[in-house]
Each structure stands twice: as C-alpha cells, then as structure tokens.
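Have the sequence and the model side by side.

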Amino acid sequence: MIELIEVNKTFNGRTVLKNLSVSIQTGETFVVIGMSGTGKTVTLKNISGLMDPDSGQVIIDGMKMNNSSGSIRKKLREKMGVVFQSGALLNWLTVGENVALPLVERRVLTGEEISRQVEEKLKLLHLYEAMDRMPSEISGGMKKRVCLARVLVRNPEIILYDEPTSGLDPVMSTVINELIRRMQREFGVTSVVVTHDMESAYFLADRIAVLHNGEIIQCDTPEGIRNSVNPTVQQFIRGEIKGPIDVD
Amino acid sequence: MKKWIEEQLAIAGRYFISTLEFSGFTVILLLKTLYYTKNFIQKRHEIARQMFNAGVRTFPVLSIVALFTGMVLSLQLGIEMKYYGQEKYLGQAVIATLTREMGPFTAAIILIASVGAAMAAEVGTMKVSEEIDALEIMSISPVKFLVMPRVIALALVMPIATVYINFMGVLGAAVVANSHVNVSFDVFYFYTLQGMHFKAVYVGLLKSFVFGLCISSISCAHGLKADNGAIGVGHATRDSVVASFITVLIVGYYITEIFFRHGL
C-alpha cells in the first residue's frame with residue numbers, strides 16, 4: 001500500500017503540493033489527472049523517493065520512504081519501477097542492452113537467462129526487431145515502450161507511469177493500456193498512472209484523483225469522475241476553455 | 001544604502017555557502033568513487049571505453065600543443081641563455097620545466113577543456129533527461145555506474161598524457177635548439193638526460209594523477225548537480241571548467257610545496 005500523508009512541496013516559494021493525503025491500495029490502478037504544472041509528476045517523484053517532501057510522509061508497505069536511509073530507500077525501490085515520460089534510456093546502449101541493464105547490474109542471473117527475459121519483454125511490447133538499434137534511432141513512443149520493458153524485466157510490485165501513452169499512436173496506446181491492465185490482473189501490480197489522456201484514465205483506473213493547484217479536489221471511481229458535480233473537474237475532463245480553471 | 005549593503009552581504013553569504021556545499025559534495029563524490037574502485041574488474045570495459053575517449057581521441061591535440069610548447073620554451077629560454085653563453089644547458093632547463101610543471105599542467109589544461117567539459121555535459125544531460133533518476137530507481141548507483149569509470153579512466157590517462165607531452169615537448173625543443181640556438185642534438189640530448197631527475201619525474205606523474213582525479217570528479221559533480229534543461233547543462237559545463245582550472249592551480253602548487261620545499 002502507498003500512503004501519502006499531508007505531503008507539502010514548494011519550489012522557490014511556489015507551492016506545488018498542498019497537504020496532499022491519499023492511500024493507494026495494493027493491486028489498485030490509481031490514475032492522477034490534472035492540468036500541467038499541478039504537481040502530478042512531483043507526486044510520482046515523492047512516491048519513488050527521487051524527491052523528498054518539505055513536510056509530510058510517504059509510506060510504502062508500512063515503511064517510510066521520505067528522508068529514509070540509503071538501505072531502506074534501496075529496499076523500497078527494489079519493488080518499484082518508473083516509466084519516465086521521456087523514456088530515460090542510456091543513449092550509448094542498444095535497446096536490448098538498456099532493457100538488460102537492471103539484470104546485468106544485479107549480477108544474479110546468467111547471461112543466457114538475461115537474454116531470454118529481455119527477448120520475452122521486447123516481444124511483449126512489439127520491440128523485438130529494434131533490439132540492436134540505438135535509442136537515437138527509434139521514435140519517442142518506442143523509447144517509452146523500451147522504458148516499460150526495462151521496468152517489466154525487474155518484475156516490480158509497484159509501477160509508476162508518467163504519461164505512459166503521450167506521443168503514442170492510438171494502436172500503441174491501446175497496447176500499453178492493455179498491458180497496464182494485464183499487469184494488475186495477472187500479477188497484482190499496484191500502478192500509479194499520471195496522464196492527460198482521459199480515454200486511458202477511464203479505461204485503466206480503479207480510482208481517479210483530480211489534482212488542482214497541488215490539492216486533490218476529487219478522488220473517485222471513473223464513473224464518479226464522469227458524473228462529478230465539481231465544475232473544475234467537469235471543465236478538465238471535457239477540455240473546456242471556459243470555467244473555473246484559469247487557462248491564462 | 002544600509003539595505004543595499006545587507007543585500008550584497010546576503011548574496012555573498014549565499015554564494016559562499018553554496019560553494020562550500022558544492023565543495024563538500026565533490027569531496028564526498030570522490031570518496032564514494034574511491035570506495036567503488038572495488039568494482040574495477042567488473043567495470044573494466046567501461047573504464048577502457050572512457051580511457052579511449054579521454055586518451056586516444058585527444059592525442060592529436062596533445063601532440064600539437066606539446067610540440068609547440070617545447071618549441072616556444074626552447075626559443076625563449078635559448079635566447080636568454082645564449083645571452084649568457086649558457087645555451088648548452090638548454091636541454092636541462094627544458095626537461096626540468098616540462099617534468100616538474102609544464103607537462104602535468106599542459107595535460108591538465110587540454111583534458112579540462114576537452115574531456116572534463118565533455119564529461120560535465122554528458123552527465124549533466126543525463127541528469128536533466130531523467131537518466132540518472134532511472135538508474136537510481138533501478139537501484140544502480142550512478143557513482144558506481146557513471147562516475148567511477150570516468151574518474152579512474154582520467155586518473156590513469158593523465159600520467160600517460162603527461163609522459164607523452166614531455167616527450168613531444170623535448171622533441172620540439174630539440175629541433176628549435178638545433179635550428180635557432182645552434183645547440184647540436186648530441187649536446188641537447190646529453191644535458192636533457194642530465195636534467196632528468198627521478199624525483200621530478202615521479203612527482204610530475206603523481207601530480208598529473210591527482211589532477212586527473214580532481215578534474216573528473218569536479219566535472220562529474222557539476223554534471224550531477226545540473227538542472228533547468230539545456231541552459232543548466234551549459235552552466236554546469238562552464239562552471240566545471242572554471243572550477244577545474246582553479247583546483248589544478250591550487251593543488252599543483254601544494255604538491256610542489258610538499259615535495260620540493262627542500263629542493264630535489
């Protein structure tokens with residue numbers, strides 16, 4: 001279970017997260033939506049321990065992540081994977097080597113076993129043909145899928161997705177969304193998905209949290225969000241220019 | 001006026017504290033790097049790749065700079081020594097200058113400008129494009145994976161580059177000594193050997209090894225602290241070059257002070 005308790009984060013005097021509290025159940029797919037700059041990625045970074053909140057707590061499976069020692073942080077990260085918005089691939093390694101990296105560095109499996117697992121994940125994400133290509137030779141969408149393959153190869157219990165379908169064509173978006181759902185159904189993976197894509201949000205979510213000005217203004221099932229009476233939520237999900245959200 | 005003075009003092013104080021913090025970060029980074037040298041064998045291919053980048057690719061530049069450094073040194077010293085009729089000692093003066101100071105310092109300058117700057121830019125780009133974050137999430141230490149191979153590679157390449165600069169410098173100096181100062185190759189060679197003191201050579205090599213550690217750890221530290229996209233990477237690169245120059249000068253002086261306080 002992931003718990004954020006009264007998390008606050010400020011950058012240069014600008015409050016990005018304001019007393020954010022939420023509990024994400026094990027095996028749940030929790031989607032965070034909201035305008036750009038409302039603190040969605042910051043929330044993910046706080047959960048992954050890449051950033052510590054100014055105040056408040058981030059608890060993962062009963063262990064405190066924020067301001068924890070290196071060994072606790074490492075232990076918690078062992079069960080966690082992050083799909084970065086940019087893909088975050090190492091540009092001097094091939095696609096295959098990027099996916100194999102966490103296994104190679106862990107030095108537990110044999111070379112043969114690593115190759116088998118890498119091939120399996122690349123096939124799963126329709127990337128097998130690109131195995132020997134460099135990151136600079138593949139598209140942005142492919143980079144994102146390679147990043148997902150690199151996460152899946154570690155079999156994490158928690159996966160954090162930062163805009164997993166942005167920049168993907170509709171067919172690949174569906175492939176990724178199906179895969180996220182499959183990870184939950186078959187392996188009980190807990191997923192936190194940050195997205196702007198409402199179609200994906202409705203398809204994936206057990207619950208959706210709407211983040212606005214660093215606060216969760218509504219957290220509900222997809223149905224509950226669809227039928228929300230909150231004008232800010234309605235404006236966002238319908239993509240309307242006029243409403244309480246100041247687009248200027 | 002009082003407010004203005006307070007503001008300036010606050011700016012100076014903030015700058016001093018941030019510089020101190022960054023220095024501490026760099027020293028800790030270097031210590032962590034030294035700790036991870038236990039993974040030297042595991043990372044040997046990456047170290048070799050970095051040595052190739054740092055060494056082989058900069059050798060054309062090193063050759064030209066070293067050759068002309070020796071030629072200039074020979075010409076300037078030769079003119080002065082000829083005035084006193086002491087030009088036969090030109091080889092001795094050139095080799096002493098090169099092995100003690102010019103060799104390590106020239107190697108440092110070239111490698112700061114080429115390898116150190118590239119290192120800061122590369123690590124900085126990785127930082128702003130979330131690649132370092134990705135490594136941390138995968139429980140891969142960026143120090144072990146990125147910094148250690150680069151620091152060790154540069155520390156090993158620097159003494160080799162220094163020996164090469166010394167050799168090329170003497171070669172250039174010998175040619176100018178022969179053509180412009182009328183010192184024969186035999187005489188130049190004889191006095192070069194006379195002036196080559198073991199202590200000067202090993203202190204020069206030690207100095208270049210330490211320079212290598214300093215330049216690479218400073219460059220990586222600046223890269224790891226980069227933020228704010230391409231502008232941040234640019235600032236990190238510039239700051240790493242400036243900090244490396246200053247550090248090389250200060251460290252170079254203190255190594256000289258420690259080893260040559262009582263002469264050769």
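Predicted model: local features only at pLDDT ≥ 70, side-chain atom pairs only at ≥ 80, totals over all residues.

Four residues of helix 1 of chain B are buried: Thr26(B), Leu29(B), Leu30(B) and Thr33(B). Look at their spacing. An α-helix has 3.6 residues a turn, so residues three or four places apart point the same way. The cover over the buried residues of helix 1 of chain B includes helix 6 (142-180) and helix 8 (198-224) of chain B. Helix 1 of chain B runs over residues 2-35, 34 residues in total. At 1.5 Å a residue it should span 50 Å, and its end C-alpha atoms are 49 Å apart, which agrees.

Now step back to the whole of chain B. Its secondary structure comes to nine helices and zero strands. The C-alpha trace spans about 65 × 60 × 35 Å along its principal axes. Of the 264 residues of chain B, 45% count as buried.

Next, take one helix pair. Helix 3 (residues 59-83) and helix 4 (residues 90-128) of chain B have axes that come within 10 Å and cross at roughly 145°. The crossing is right-handed. On the helix 3 side of chain B, the residues that meet helix 4 include Val61(B), Val65(B), Thr69(B), Leu73(B) and Leu77(B). On the helix 4 side of chain B, they include Leu90(B), Val94(B), Thr97(B), Thr106(B) and Ile110(B). By class, this contact has twelve nonpolar, seven polar and no charged residues.

Which residues touch the most other members of the largest nonpolar core? They are Leu111(B) and Leu154(B), in a core of 135 residues. Helix 6 of chain B gives the largest share of this core, 19 residues.

Finally, turn to where the chains meet. Chain A puts 15 residues into the contact, and chain B puts in ten residues. On the side of chain A that touches chain B, helix 2 (70-78), strand 6 (80-83) and helix 3 (95-106) of chain A each supply at least two residues. That side of chain A divides into eight nonpolar, three polar and four charged residues.

Note on methods:
Residues numbered from 1 in each chain as written. Chains lettered and ligands numbered in written order. Contact = placed C-beta atoms within 7 Å. Nonpolar A, V, L, I, M, F, W, Y, C, P; charged D, E, K, R; others polar. Expected span 1.5 Å × (residues − 1). Buried ≥ 20, exposed ≤ 12 C-beta atoms within 10 Å, placed from the backbone. Axes fitted to C-alpha atoms, helices over the stretch in contact; angles between N-to-C directions. Left-handed = near helix turned anticlockwise from the far one by under 90°. Core = buried A, V, L, I, M, F, W, Y, C linked by C-beta atoms within 7 Å.
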